[in-house]
Structures are given as C-alpha cells and as structure tokens.
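Here's a quick briefing to read alongside the coordinates. Have the viewer open and follow along topic by topic.

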Amino acid sequence: MQDVLYFLQQLINGLTIGSAYALIAIGYTMVYGIIGMINFAHGEIYMIGAYTALITITGLASLGVAWLPLVLLVALICAMLVSSSMGWAVERVAYRPVRGRHRLIPLISAIGMSIFLQNYVHLAQGSRNIGFPALIEGGFQFGAADSFQTSISYMQITIFITTLICMTVLSLFISRSRIGRACRAVSQDLGMANLLGIDTNRIISATFVIGAALAAVAGLLLGMYYGSIDPLFGFIAGLKAFTAAVLGGIGSIPGAMLGGLILGVSESMTSGYLSGEYKDVVSFGLLILILLFKPTGLLGKPEVEKI
Amino acid sequence: MSMLVLEDVHTHYGKIEALHGVSVEVNKGEIVSLIGANGAGKTTLLMTICGNPRATSGRVILGGRDITRQATASTMRSGLAIVPEGRRIFSGLTVEENLHMGGFFNSKAEIRKSQDYVYELFPRLKERQYQRAGTMSGGEQQMLAIGRALMSKPQMILLDEPSLGLAPLVIRQIFEIVGHLRDEGITVFLVEQNAHQALNLADRGYVLETGRIRLHDTGANLLANPDVRNAYLGG
C-alpha cells in the first residue's frame, strides 16, 4: 500500500511538471511546424512571462488588492499580453528579415535573441533569485497518518486544470476556427496558402503570439510552484520543453502535449526511485534514444506525401 | 476586352533568365492554351503572373490593373485563382477544409454557395468531403485543386498541367470541366504538355520554347500547323 502511495505521489508530481512543459512545448512545435525553425528565444519568452506575472502580483499587493482570483487573473492577462507582444516582436525583428535564408542563419539569430533577452532581464531585474509568493496553498492528503502520505497540493491541481483548459481551447481553435485551419494549411504548404491570397506573414505572427501566450501561462504557474525565479529561469525549462516537443514529434501539437507529460513523469520517477541528480540524464537520454530510433518523434509524421 | 496582358515579360531565377521577353494576351471569356516542352518556362510564366517570382522587367496587367510589382497574396485576392503544378492540395486537411481555404476571404454564406457549386461540378468530392485530402486518388486530388480555386469565385483561373499523371478517362472529365468553366464566363489560361487536347479545347494558343513565344494562333490553326504537329503532337 505504501509503495502504491509513493508511486502515486511521483505520478502526480510528474504530471504537474509535465503539463507545464507541454504548455511551453506548444510554442516550439507550432513555430517549427509552420516555418521549420527552432525558436530558441522561446524559453526567455516564458521567463519574461513569469517576471511580468510577479511584477503584476507585487504591484497589485502594493495597491491593496488581495482577492486571490482577481490577482491571479490580472497577473495571467498581463503576463500573456507582455509575452505575446515579445513573441510577436522577436519574430518581426530577429526572424522575418532572415527567413528563407540558410537554416543556420535564423538559428543563430534565435540564439542571439535568447542571449539578449536573458541579459536584458539581468540588467532590468537583477541576477538574484526573486521569491515568488505561493498564492495558492494547502492541499489534500491520502494514506495513514503514521506512514507515507500522498499529497496533492491545490497548486498542482491548479496547474493541471489550467493546462487542461489551455490545451482544450487551443485544440478547438486549431481544429475548428478559420485562423486555426489557415495555420494548419500554412504549415503544410506555405507557398500554396500564399497563392490562395492568404497573408502568410500574419499567420506566422499568430503562431508566435499563441505560443508565447501559452508560455506565459506556464511562467506564472511554475513561478508559483517553484517559489522563486531568476533570469535563467527560462533556460532549463526551455530546453526541457524543446525535448518534450521533439519527443512527441516536433510540429505535432498533440505530440507536444504527450511529450511534455512523458518527460515530466519520467523525470519525477527518476527523482523518486533513483536520485534527483539523474533526472536530467534521463530526460536528455530519452531525447537521444528517440532521435536514434524514431527521429520523427512519437506522434510526428514522416515527411512522405502521396503524389 | 483583355483580361490578362503580359508585355515583354522577363523573369530571372537568380542570374539565370527563364523568360526572355514574353508577350501574351488573354481576352475575357476565352480559353487560351500555352503549350511547350518540359523546361520551356510554362510554369515560370504562370507563377510570374501570380508574382512569385516577380517579373524583372515588362508588365503584367490583370483586368486593366498593373500587377507586376504587387505581392502574391493581394494579386490572388483580386479575382485570380491558380491550380498549381502538382496540385498542392493540403493533404492533412479534409476535402471540405481544403475548399474553405480556397474561399478564405468570403463570408460563410458565400462559402456555402461556392461549396455547393463545386460539389455539383464534382459529386465525387461531396462523397469524400470529410476525408483527408491526401488519401484520395490523383484524379480526385486534381478535382479538389480545381474546386479549391473556384471557391474564391475568380474571374480568371490559371491551370498548370491539370492532366499530368491522370488516367485518360479522368483527363477527359477534367477537360470537360474546363470547357464548362468558360461557358460560365470564367476566363481560362491553360498550360499543358498534353497539346492535342489543350489546343482542341482552346480558342487560341501560344507555343513557348525555351522562354520565348514561338507561335501564336487560334487553337484549330495550331493543331493544323505542321511544325506544331511535328514537335508536340507526335507527327
């Protein structure tokens, strides 16, 4: 019984962190799907989302606004707005001018953008860890009081439910809406969409904005979950989310969701049964295995089309 | 009344000139065929009309407006539609979604109307409306490509080798539809390697050879022309 509870605890922790990875991974996968480049500044967009949320929360507290749902909602909206504008601007400034050039050029531009944003936040906010208030406290516990107890915090539930809502809305948007349909069409054949009169630049901007908004949601959630942020907050999370996107099949949205969850669960299982030190070894080892044996990822499609 | 005029159009790919001063005129309500061998520049000519690549010199005039320097997307919103080489349907989207992409800028009611019209023209597409387009046969995909082009209710349609790789029966069906489009008042510019059927259907025709117009006459005269017979109709 105790073993089951322990396993359950790891599973819950894994699903929590994994769903946040999935939120970030969407941004990588959508951008890759549509213009075939890895947006290495995406982790920084997520980090900026977390900072914006923290600044908003602090600001609201100094104004004396204390009603939690309102604080969270305002922080979420501000983070999404700032991150989305950042995502949009990064594409305009750093990627659009070099689009269509050799693959390495946008990649280098992306890395440069990532370094720039990281250092900008270093300068503007300082390099120290800043505490992030845990606004959502408490939780449930299972199991006998004298042995191991599985606990689910309200924060974990919030992360899970928020992710679920975001994913559902995104899936509906992509599959049902006019712009979502255009996103899918552009990702299959950008030139053809252009020949149908569609302004493909606007669709590309839309994917950057959507990806950044979801990253901002993850920024707020994980900021609260971890309890502190710093300018490097986006680096490792971005790398993990990128791994999740490749794991699930880069370019595939359900793949990013699945990849995030698998990565999160395997990390927490490693921490729980082996040692926390090994968790990065396992996640990047998983990435290598996938690249060796199924380079298209779990749900990715090989690039063969019927003529 | 001319729908489309190309005046001394030159087009380059990098430093290589693919079109060496091409002049073509298509009148409203006509079917004009452009025939030529592989590599003559037929697809380049069509794509230059769409603005991708743009003509390096000369003028492209659509419905009286100079579109030489216009962005592809806005040209394609001004009454022009293309059925491109290789069809280029969105294989991961359903048939219906492909059609809706064609009518992207129209209202829901207009889309419904155009869609009913396309399904009437190609009942096969209606049977498959919820199927992923990539799973259909080549002929069905070609029908879809034509249907998608019609969704924007174009005044003029450009067709790039619609018969390529299709069975004779399907080819005949496609050409019938093209003739029908003219009867509905749509101007057609048809690029084909299948010279016999293309010229048979056309009011007028042009012969393109290595980036230059060699001949220009009515469809019937070109069919009777000994040079054309030798080069393109197998003697």
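In this predicted model, the contact between the chains draws 20 residues from chain B and 15 residues from chain A. Sorted by class, the side of chain B that touches chain A comes out as 10 nonpolar, seven polar and three charged residues.

**The six-stranded sheet of chain B**

- Chain B has an open sheet of six strands, in the order 6-7-8-3-9-10, and its pairing is mixed.
- The edges belong to strand 6 (80-83) and strand 10 (212-218) of chain B; each has a single partner strand, so one side of each has no neighbour in the sheet.
- From one strand to the next, the twist averages 15°.
- Strand 10 of chain B pairs with strand 9 (residues 204-209) of chain B in the antiparallel sense, over six bridges, and in this pair R204(B) sits opposite T218(B).
- Helix 1 of chain B packs on this sheet, where it touches strand 3 (31-35), strand 6, strand 7 (156-160), strand 8 (187-192) and strand 9 of chain B. The direction of helix 1 of chain B makes about 150° with that of strand 7 of chain B.

- What makes strand 8 of chain B largely enclosed by the rest of the structure? Six of its six residues are buried, so the strand is largely enclosed.
- T187(B), F189(B) and V191(B) point one way from strand 8 of chain B, while V188(B), L190(B) and E192(B) point the other way, and all are buried.
- Strand 3 of chain B runs parallel to strand 8 of chain B and is joined to it by five bridges, with S33(B) opposite L190(B).
- Strand 7 of chain B also pairs with strand 8 of chain B in the parallel sense, over five bridges, and here L159(B) is the residue opposite L190(B).
- Going from strand 7 to strand 8 of chain B, the chain passes through helix 7 of chain B, and this β-α-β crossover is right-handed.
- Helix 7 (residues 168-183) of chain B lies across strand 3, strand 7 and strand 8 of chain B, at about 155° to strand 8 of chain B.

**The four-stranded sheet of chain B**

- Another open sheet in chain B has four strands in the order 2-1-4-5, with antiparallel pairing.
- Strand 2 (16-27) and strand 5 (65-66) of chain B are at the edges with a single partner strand each, so one side of each lacks a neighbour in the sheet.
- Strand 4 (residues 57-62) and strand 5 of chain B form an antiparallel pair over two bridges, in which I61(B) faces D66(B).
- Helix 1 (residues 42-50) of chain B packs on this sheet too, touching strand 1 (2-13), strand 2 and strand 4 of chain B, and its direction makes about 70° with that of strand 2 of chain B.

**A helix pair in chain A**

- The axes of helix 1 (residues 2-35) and helix 5 (residues 154-176) of chain A come within 9 Å and cross at roughly 35°, and the crossing is left-handed.
- Among the residues making the contact are I12(A), L15(A) and L23(A) of helix 1 of chain A, and I159(A), F160(A) and L170(A) of helix 5 of chain A.
- By class, this helix contact has 10 nonpolar, four polar and no charged residues.

Methods:
Residues are numbered from 1 along each chain as its sequence is written. Chains are lettered from A and ligands numbered from 1 in the order in which they are written. This is a predicted model: local features need pLDDT of at least 70, side-chain atom pairs count only at pLDDT 80 or more; totals for chains, interfaces and linings use all residues. Two strands pair if DSSP finds at least two bridges between them. Two residues are in contact if their C-beta atoms, placed from the backbone, lie within 7 Å. Axes are lines fitted to C-alpha atoms, for helices over the stretch in contact, and angles run from 0 to 180 degrees between N-to-C directions. Ala, Val, Leu, Ile, Met, Phe, Trp, Tyr, Cys and Pro count as nonpolar, Asp, Glu, Lys and Arg as charged, and the others, Gly among them, as polar. A crossing is left-handed if the near helix is turned anticlockwise from the far one by less than a right angle, and right-handed if clockwise. A residue is buried if 20 or more other C-beta atoms lie within 10 Å of its own, exposed if 12 or fewer, and partly exposed in between; C-beta atoms are placed from the backbone. A crossover is right-handed if, with the strands pointing away from the viewer, the path from the first strand over the helix to the second runs clockwise.
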